[in-house]
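Visitor: I'd like to learn how to read a protein model. Could you walk me through one?

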Amino acid sequence: MNGDVRLRVEGLMLERLLERAIQEGARFRAVEPPEDHVMTIDADPHSAAIVQALCERFSMPCTVVARRGRDAMARRLRERATALAGVVVCLMALSAFFGRVWIVDVELTGERDASVAPIEQALSEMGVQPGVAKSEVDADRIETALAASSPDFSFVGVRLQGVRLLVEVAPAVAAPEVYQVDAGRDLVAACDGVVLSVNVETGVACVEPGDTVVRGQVLIRGEERISSEETRGVAALGSVVARTWTTATASAPLTRTYTERTGRSATSSELCLMGFSWPLTEGGRFVAQEAEVEVLPVGGLFLPLEIRRTTLYETTARETQTDEAALGSALSAMALAMAAEEASRGAPAGSGIADSWVEIARDGDALCARAVCESHIDIAVTRDALYQQGG
């Protein structure tokens, strides 16, 4: 059964319409008696078409109220063909979206901080970046390659989570210092400073709180007394906390030079075609000038003919005094940042800035800001460590 069509017909002599439709071969499944010159008919699609044709011939209003069955379904599908195509396209887009990795995250685990730039660089070199197909992502292979190429990390884990590739890395923990207890060695100053405290575990202290020391000076001598007249060499151990200072200077001129237009100008123009040009008008030139070029198309789309008009504006240099207070504030911040960066370079973990101050002074036509950062750090290192630092 293809289905039924329900029609609503309005007009006079509806019975005569039914008789005429039956004569032309129409068959009806149900007919509601006319009421207020309105009749409802249930018929198969062929019979409904006959009734519709007769209503159109006799100018009688005929409305399709409902459709049921396969024909109705086919009609709805035809009417919604674009919607079906949209659903198909949407499903294809979702399939393509979820078939690729769109987020690549590198996260640090553990207590130590480290730069993940080497990991990101290695991932990029392996072609692992947003948009890569999941079929090309082998988590085990990536994990093995990263672990082999990144000795600064003790752990590398790679997981695929939907459209996200998560790479977890843990910085390697520095191996403890290895030394021979009976091998004589001294601890020396890593930098200049004023001693705040001395803590000796093995060896003999050579300085005390309040002493001023210079880089390379022996702080704890690697020896111990075994009798009243005899000593032996040992590996000196301990810490010497000292006040250290780093400085940085930032300067800038107190005057600022800028250019301004005098009001005089000169204009010239030329006709240009495919790299060739012909002067139209000539303008003057100035010792100091700014140029503005205006292009006026002449030939349109198919002929690249244009007029290029150049306007030269005479300029002059002016000097103005800068706001000394604002300049000093900016230079102070810059110098402090530079000094703090220098202080943190090579400082032990956990150390910080104990105090800081800035001195501002004029140097001719410039303003200078000299920043000083004071740190309290352990400056006791071995001679080998000092040589590695360039000492």
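Guide: Let's look at a pair of helices and then a pocket. This is a predicted model, where local features need pLDDT of at least 70, side-chain atom pairs count only at pLDDT 80 or more, and totals for chains, interfaces and linings use all residues. Residues are numbered from 1 along each chain as its sequence is written, and side-chain values use heavy atoms, with hydrogens and water left out.

Visitor: How do α5 and α6 cross, and at roughly what angle?

Guide: Helices here are DSSP runs (H or I, at least four residues), numbered from the N terminus. Axes are lines fitted to C-alpha atoms over the stretch in contact, with angles from 0 to 180 degrees between N-to-C directions. Helix α5 (residues 117-125) and helix α6 (residues 139-149) have axes that come within 10 Å and cross at roughly 130 degrees.

Visitor: Which residues of α5 and α6 meet?

Guide: Contact means heavy atoms within 4.5 Å. From α5, I119, A122 and L123 meet I142, L146 and S149 of α6. That contact divides into five nonpolar residues, one polar and no charged. For these classes, Ala, Val, Leu, Ile, Met, Phe, Trp, Tyr, Cys and Pro are nonpolar, Asp, Glu, Lys and Arg are charged, and the others, Gly among them, are polar.

Visitor: What lines the second largest pocket?

Guide: On a 1 Å grid over the protein atoms alone, a pocket is an open set of points where a 1.4 Å probe fits, with protein on both sides within 12 Å along at least five of seven lines; lining residues have an atom within 4 Å of a point. Here the lining is L12, M13, R16, L17, R20, F58 and M60. By class, that's five nonpolar, no polar and two charged residues.

Visitor: And where does V194 sit?

Guide: V194 is in strand β11 (residues 193-202); a strand is a DSSP run of E, at least two residues. Its C-alpha atom is separated by 6.9 Å from that of T244, 50 residues apart along the chain.
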